[in-house]
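Work through the following exercises with the sequence and the model side by side. Try each task before reading its solution.

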Amino acid sequence: MKQVELKIIILGALGVGKTSLLHQYIHQQFHEDYRSTLGASVLSKNITVDRSAVKLQVRWIWDTGGQERFRAVVSSFYKGADGCVLVFDVTDRDSFLELEGWRQDILEKSHPPDPSLPFVVLGNKIDMEERQVTRSEALSWCEDRHIPCLEVSAKNNINVEQAFQTLAKHALIKYKEGLMSCMTDSIKLKPDKVVKKKKKCCS
């Protein structure tokens, strides 16, 4: 099979570390001074998933303080997504409570709507103190929705590679299932020829 291109969207509240996670994953770099602004970016990485060559294209909207304006901008950005990363900050309870809103947003506004879209939830900043969201609480939320959940640290590069690999694996499975479905639907079987029997003459 030729290289598969998978489009991944990363979503989460202001300041949860989406940009930091991506730069750690793609470039193995971490910076403290990312600015919050409005814009869209795309980063790509060639990886291998279950012996398949995959080009993972990760898209995200830069943070903005006006969340409603944010969500109005991103609708067209959801189109064609093969998977979604939902990020919250374990030291910010509000960012965890907003996860369901982000999940529903992409499910409702993606084109076409896809209730089976693969997700992975990342609890970022586990390197910091004053935690507000417990691991068990996050796991419970994810188990109710059948979503993989990992705790990560963009700063210390904890579980970052595993997080994106997990989503890529689920997205690839769904992609292959869709491909097989299309191939099956495109196969047209010719109707059997009807052989007419000659009538026997009566004696």
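**Exercise 1.** Find how many aromatic pairs a search of the whole structure gives, and work out which parts of the chain the pair of Tyr25 and Phe164 ties together.

*Solution.* The search of the whole structure finds three aromatic pairs, where the rings of Phe, Tyr and Trp (its six-membered ring) count as a pair if their centres lie within 6.5 Å, and are called stacked with planes under 30 degrees apart, edge-to-face over 60 and tilted for the rest. Tyr25 and Phe164 form a stacked pair, with 4.3 Å from centre to centre and 15 degrees between the planes. Since Tyr25 belongs to helix H1 (residues 18–27) and Phe164 to helix H6 (residues 160–186), the pair ties together parts that are 139 residues apart in sequence. Helices (H or I, at least four residues) and strands (E, at least two) are DSSP runs, numbered from the N terminus. Both Tyr25 and Phe164 are buried, a word that stands for under 20% relative accessible area, while exposed stands for over 50% and partly exposed for what lies in between (1.4 Å probe, protein chains only). The charged end of Lys45 also sits over the ring of Tyr25, 4.2 Å from its centre; for this, NZ of Lys or CZ of Arg must be within 6 Å of the ring centre and within 35 degrees of the ring normal. Elsewhere, Phe88, Phe96 and Trp141 form one aromatic cluster.

This is a predicted model, in which local features need pLDDT of at least 70 and side-chain atom pairs count only at pLDDT 80 or more, whereas totals for chains, interfaces and linings use all residues. Residues are numbered from 1 along each chain as its sequence is written, and side-chain values use heavy atoms, with hydrogens and water left out.

**Exercise 2.** Find out how strand E1 pairs with strand E4, and then describe the surroundings of Val120.

*Solution.* Eight of the nine residues of E1 (residues 4–12) are buried, so this strand is largely enclosed by the rest of the structure. E1 pairs with E4 (residues 83–89) in the parallel sense over five bridges, where pairing requires that DSSP finds at least two bridges between the strands. Gly12 has Val87 as its bridge partner in E4. Val120, for its part, lies in strand E5 and is buried, with a relative accessible area of 0%. Not counting residues up to four places away in sequence, Val120 touches residues including Cys84, Val85 and Leu86, as well as Pro148, contact meaning heavy atoms within 4.5 Å. The C-alpha atoms of Val120 and Pro148 are separated by 5.1 Å, although the two residues are 28 residues apart along the chain.
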